[in-house]
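Thanks for coming, everyone. Let me put the model on the screen, and then we will walk through a few spots.

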Amino acid sequence: MRRFSIVAALVLTALVAGCGQQSSELASSEALPAPPPPPPPPPVLAQGVASPENDTIVVSATRVTGAQQDSPLAVTSVTAETLSGDIATSDLVAAAPGDSTRNRYYVPPVLVPGPDDREKYDGETVSPIKLVRAEPVSTFSVDVDTGAYANVRRFLNQGQLPPKAAVRTEEMINYFRYDYARPSSRDVPFSVTTNVTTTPWNSESRLVRIGLRGYDIARDERPAANLVFLLDVSGSMNNQDKLPLLKSALKTLTNNLSDQDRVSIVVYAGAAGLVLEPTNDKGKIKRALDQLEAGGSTAGGAGIKLAYQIARDNRIKDGVNRVIMATDGDFNVGISDRDRLIELIESNRDDGITLTTLGFGQGNYNEALMEQAADHGNGNYAYIDSAQEAQKVLADEMQSTLFTIAKDVKVQVEFNPKQISQYRLIGYENRALREEDFDNDKIDAGDIGAGHQVTAIYEVVPADAQGWIKPRRYEQTELKVERGRESEMAFVKLRYKLPNEDTSKLLAFAVQGETLRTAKRPKGDMAFAVAVAAFGQKLRADPYLKDFNFDDILQMADGQNGYLRQEFIKLAEIARGQSGAD
């Protein structure tokens with residue numbers, strides 16, 4: 001940089017001298033404008049910023065104390081070697097009181113321009129049709145994430161249809177609550193509800209809804225929580241819909257903490273640092289959030305390592321120990337390989353520290369990483385597109401977010417070929433499990449929090465109806481079903497573990513085939529669930545919806561009460577306009 005400045009100054013001097021010679025030869029006496037000043041000297045590197053002479057990387061968000069503050073907050077430095085290894089207690093160093101002219105966490109802005117369409121999604125193709133004769137069993141892990149719905153809403157509110165890969169229909173459905181019965185006892189942590197209706201887009205098929213509802217707990221019954229806020233303060237977060245919204249969202253969460261809860265704050269930019277030691281002082285937490293600014297690259301891997309270390313060092317026995325990561329997911333320094341990140345997250349999950357991910361922003365949003373990190377971290381993923389969504393996720397649903405009532409919850413449905421010939425599961429493509437995984441307690445699956453709901457919808461074809469797949473020439477015609485079970489349509493099994501147990505429990509019940517013949521058009525609560533399912537599949541260009549369009553979806557959802565359901569109707573209207581439908 002210094003060499004460049006000297007050369008630039010010499011060239012500028014020569015140009016000025018040449019202009020002076022030419023001006024003396026001009027006949028006109030008009031004065032030429034003064035030459036521009038030489039470029040400024042190269043900036044001096046701030047203390048703690050990495051340079052060729054100093055390979056120690058200090059977090060950009062250094063705490064600088066001010067006159068009105070009682071004491072400095074701890075800051076962590078992470079060496080270059082630490083970024084690729086485990087973070088030990090010896091790596092944690094306290095920042096000495098520094099320059100009092102700055103009273104904030106400051107991250108030097110290092111913004112690298114890039115395209116606005118670098119968002120990453122792991123879209124799956126629409127689930128295929130299954131023949132009951134060949135594959136009578138469907139197995140999947142439950143999903144309580146809701147991020148896809150909020151992200152889809154963001155696209156629609158900006159006047160565009162979302163990418164197909166951004167739509168996960170099960171998260172669209174599970175964004176809403178339904179009229180499921182409360183569990184009767186904590187001995188069984190959730191209730192199970194089933195409904196069968198006709199299919200609005202296919203007269204030959206039926207829809208089977210399976211709904212779970214976890215038991216609720218009172219606020220004063222919730223165990224203490226040890227939370228580590230892991231916050232991305234890199235340059236990519238320097239937008240109004242990112243870091244400022246992140247601060248507002250976490251203040252909402254802070255307001256809903258109890259006196260027994262503790263919060264630590266870890267930030268990461270070019271490196272990772274601890275900027276707030278564990279505290280239950282809400283004022284301290286909010287002041288620390290207020291003083292964060294964005295800039296630098298994104299050492300997300302180092303941040304996750306440090307956050308887990310802080311969570312482990314401050315573990316609350318029989319309490320909630322969770323890292324809450326808030327970012328746009330744009331990792332570019334440190335552990336950026338997703339498989340290595342997932343391994344790190346899984347190892348800490350097995351040690352009892354769970355992970356919630358909160359996504360922010362657009363343009364470079366890495367939704368694929370956010371969703372997978374939460375899934376493997378036994379937590380949940382939400383996308384925060386507004387202060388209102390922050391209120392829903394971090395205040396209204398906080399009990400569900402923090403307190404797990406059942407873990408490794410799996411669903412398995414076996415269809416009776418005497419009653420059902422073909423089926424498909426709507427959504428859950430990236431939650432599918434093998435049949436043998438159901439009884440294997442070593443296989444990880446989704447968790448259910450207090451008050452959580454999970455909804456799954458199957459589209460099935462009765463044995464005497466015409467399905468999507470035509471009969472085969474050499475298909476076996478004789479079907480044998482154990483006597484006494486011919487009238488069953490399906491057998492539903494749920495396997496789950498209580499939070500502090502490693503051996504799963506089983507729930508099982510049969511769904512009678514008579515419900516296929518008595519099924520009626522969806523109404524009320526079921527109609528809305530079907531409308532949301534169709535909306536998600538329509539955005540995914542599901543060919544099995546046939547000619548079912550946005551007008552049909554709006555008709556199905558008509559008459560619903562409540563702000564969120566009314567908002568859904570508005571979004572469906574926007575989607576209709578963007579799709580060019582009449």
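Start with Phe140. Is Phe140 buried or exposed? Phe140 is buried, at 2% relative accessible area. Buried here means under 20% relative accessible area, exposed means over 50%, and partly exposed is in between, with a 1.4 Å probe and protein chains only.

A word on the source. This is a predicted model, so local features need pLDDT of at least 70 and side-chain atom pairs count only at pLDDT 80 or more, while totals for chains, interfaces and linings use all residues. Residues are numbered from 1 along each chain as its sequence is written, and side-chain values use heavy atoms, with hydrogens and water left out.

Now the aromatics. The whole structure holds 18 aromatic pairs. Rings of Phe, Tyr and Trp (its six-membered ring) pair if their centres lie within 6.5 Å; planes under 30 degrees apart are stacked, over 60 edge-to-face, and the rest tilted. Phe140 and Tyr458 make a tilted pair, 6.5 Å centre to centre, with 55° between the planes. Phe140 sits in strand β6 (residues 137-141) and Tyr458 in strand β18, so this pair ties together parts 318 residues apart in sequence. Tyr458 is also buried, at 1% relative accessibility. Another tilted pair is Tyr178 with Tyr180: centres 6.0 Å apart, planes at 40°. Both of these tyrosines, Tyr178 and Tyr180, are buried.

On to the sheet. Helices (H or I, at least four residues) and strands (E, at least two) are DSSP runs, numbered from the N terminus. Two strands pair if DSSP finds at least two bridges between them. What is the strand order in the open sheet? The five strands run β5-β16-β18-β8-β7, with antiparallel pairing. At the edges are β5 (130-131) and β7 (190-199), each pairing on one side only. Strands β16 (residues 420-426) and β18 (residues 453-462) share six bridges. Tyr423 has Val460 in β18 as its bridge partner.

Next, a helix pair. Helices α5 (residues 243-255) and α10 (residues 387-396) pack at about 35°, axes 9 Å apart. Axes are lines fitted to C-alpha atoms, for helices over the stretch in contact, and angles run from 0 to 180 degrees between N-to-C directions. The contact of α5 with α10 has eight nonpolar residues, three polar and no charged. Nonpolar covers Ala, Val, Leu, Ile, Met, Phe, Trp, Tyr, Cys and Pro; charged covers Asp, Glu, Lys and Arg; the others, Gly among them, are polar.

Last stop: Glu567, in helix α15 (residues 563-579). Glu567 counts as buried, at 14% relative accessibility.
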